[in-house]
Amino acid sequence: YLGVVDDIESLDIKSDKFEVTDNEALILNGNVVLDFPDGILRAGKARVDRKNGLVNFKKEGDLFLENYFFRAKEGFFSRDGRSIELYHGEAFLNDRNIVLTFDELKGSLENKILLKQVSMTSCADPEEGWQFFAESIELNDQSKRGNAKKVRINVLDRTILKLPYIPFATSSERMTGFLEPSLSYSSDGLDFMIPYFKVISDKSDITIAARNISERGLGFEGNFRKIHDETNNLSNIDFIYFNEDKEYKDLYPNQSNKRWAYSFKNSYGIKNKFWIDIDWARASDSLILRDIPGDITYIGNQRAQNLKQNISFNGAIGDLKIKVKHQGFQTLNPILTNGYKKMPSLEFEYVKNLKKFAIYERLN
């Protein structure tokens with residue numbers, strides 16, 4: 001019989017064929033669609049046990065839930081989310097936009113799930129790109145954290161890194177922990193980075209990452225953010241540091257191979273009477289942002305021609321505003337060896353409203 005069974009214990013069920021057994025289980029065959037309050041299952045074959053709320057499926061199944069999507073050859077789950085068991089499939093984590101391929105998945109969506117023989121890649125052909133392997137990955141829904149054990153990373157079908165353990169966050173919520181590793185490949189070889197995010201307070205945090213580029217060496221980059229003052233000004237510091245750049249040393253043996261860059265932006269104010277604005281960046285040389293662009297930082301893009309080095313002191317006394325400013329630039333054009341600056345810049349601004357008239361004076 002081809003048909004639809006509606007509203008059986010809040011279920012909408014569609015299939016080409018179905019039957020009811022003596023113990024009140026539903027056997028569904030062909031184009032099965034099981035629509036329940038917390039998700040949808042599409043499969044070739046399924047068995048619904050209405051007494052204990054278990055659903056078994058075979059012949060390939062797609063399971064859509066609020067924060068997960070699973071595809072597996074076979075498995076079972078409880079409709080209340082307390083237990084799930086899947087074999088030979090994929091899992092998509094909506095909060096972190098991650099796709100994991102696994103041999104076995106067991107656990108509870110409300111607590112912990114364990115995946116065995118896990119792999120991950122964003123390449124259509126992993127042998128020509130990169131691939132991540134782990135013997136097991138545990139995902140904890142309560143703590144919003146995960147950990148991968150016995151990790152192996154392949155590039156161009158060759159193992160380039162082995163790690164016994166990697167912890168990471170499974171949610172986009174703001175919390176302390178390791179973020180997903182960053183992996184890329186260019187003319188400088190493999191570029192691998194592991195960022196660590198630390199929540200310092202409700203209004204401040206820091207991200208620090210160890211970064212290794214095959215042809216250049218080991219370095220670090222980081223970012224610090226803090227909201228402060230009554231007006232919620234944002235203080236932001238970015239930095240990149242490589243103690244020894246092998247490629248740069250070969251090209252420029254007479255120059256220091258320590259390479260770094262930083263950027264500092266901030267505003268301080270006292271009740272709109274006095275405030276300081278800072279936008280200051282500096283680099284060890286004019287080519288670093290072209291050679292080593294930031295991954296978790298933004299100091300200047302690869303096409304930037306200069307770095308700003310500005311600081312201003314501002315004050316307001318009645319209708320009069322006063323600004324003292326240093327304005328300068330560091331050139332990132334290797335042909336131009338010198339930046340330029342103007343210092344000091346002194347500016348007075350006076351505004352007076354007289355009913356229908358306004359007086360405005362400005363001196364710079």
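Colleague: Which residues gather in the patch of negative charge on the surface?
Modeller: Bear in mind that this is a predicted model. Asp and Glu are what count as negative here. The surface patch of negative charge brings together Asp 125, Glu 127, Glu 128 and Asp 157.

Colleague: Where does Asp 125 lie?
Modeller: Look at strand E10 (112-120) and strand E11 (130-140). Asp 125 lies between those two strands, in the loop.

Colleague: What is the relative accessibility of Asp 125, and how does Asp 125 count?
Modeller: Partly exposed covers what falls between the buried cut-off, under 20%, and the exposed cut-off, over 50%. Asp 125 counts as partly exposed because its relative accessibility is 40%.

Colleague: Is Asn 257 buried or exposed?
Modeller: Asn 257 sits in the loop between helix H1 (246-251) and strand E20 (259-270). Leaving aside neighbours within four places in sequence, Asn 257 is in contact with several residues, including Phe 242, Tyr 248 and Lys 249. Buried means under 20% relative accessible area. Asn 257 has 14%, so the call is buried.

Colleague: Which residues does Gln 327 touch, not counting those up to four places away in sequence?
Modeller: Start from strand E23 (residues 320-331), where Gln 327 is found. At 21% relative accessibility, Gln 327 counts as partly exposed. Its contacts, with residues up to four places away left out, are Gln 309, Asn 310, Tyr 340, Lys 341 and Lys 342.

Colleague: What separates the C-alpha atoms of Gln 327 and Lys 308?
Modeller: Along the chain, Gln 327 and Lys 308 are 19 residues apart.

Terms used: Residues are numbered from 1 along each chain as its sequence is written. This is a predicted model: local features need pLDDT of at least 70, side-chain atom pairs count only at pLDDT 80 or more; totals for chains, interfaces and linings use all residues. Side-chain values use heavy atoms; hydrogens and water are left out. Patches are made of residues with over 30% relative accessible area and no salt bridge: like charges are joined within 9 Å, nonpolar side chains (Val, Leu, Ile, Met, Phe, Trp, Tyr) within 5 Å. Accessible areas come from the Shrake-Rupley method with a 1.4 Å probe; for residues, only the protein chains shown count as cover. A salt bridge is a side-chain nitrogen of Lys or Arg within 4 Å of a carboxyl oxygen of Asp or Glu. The place of a charge is taken as NZ of Lys, CZ of Arg, CG of Asp or CD of Glu. Helices (H or I, at least four residues) and strands (E, at least two) are DSSP runs, numbered from the N terminus. Buried means under 20% relative accessible area, exposed over 50%, partly exposed in between (1.4 Å probe, protein chains only). Contact means heavy atoms within 4.5 Å.
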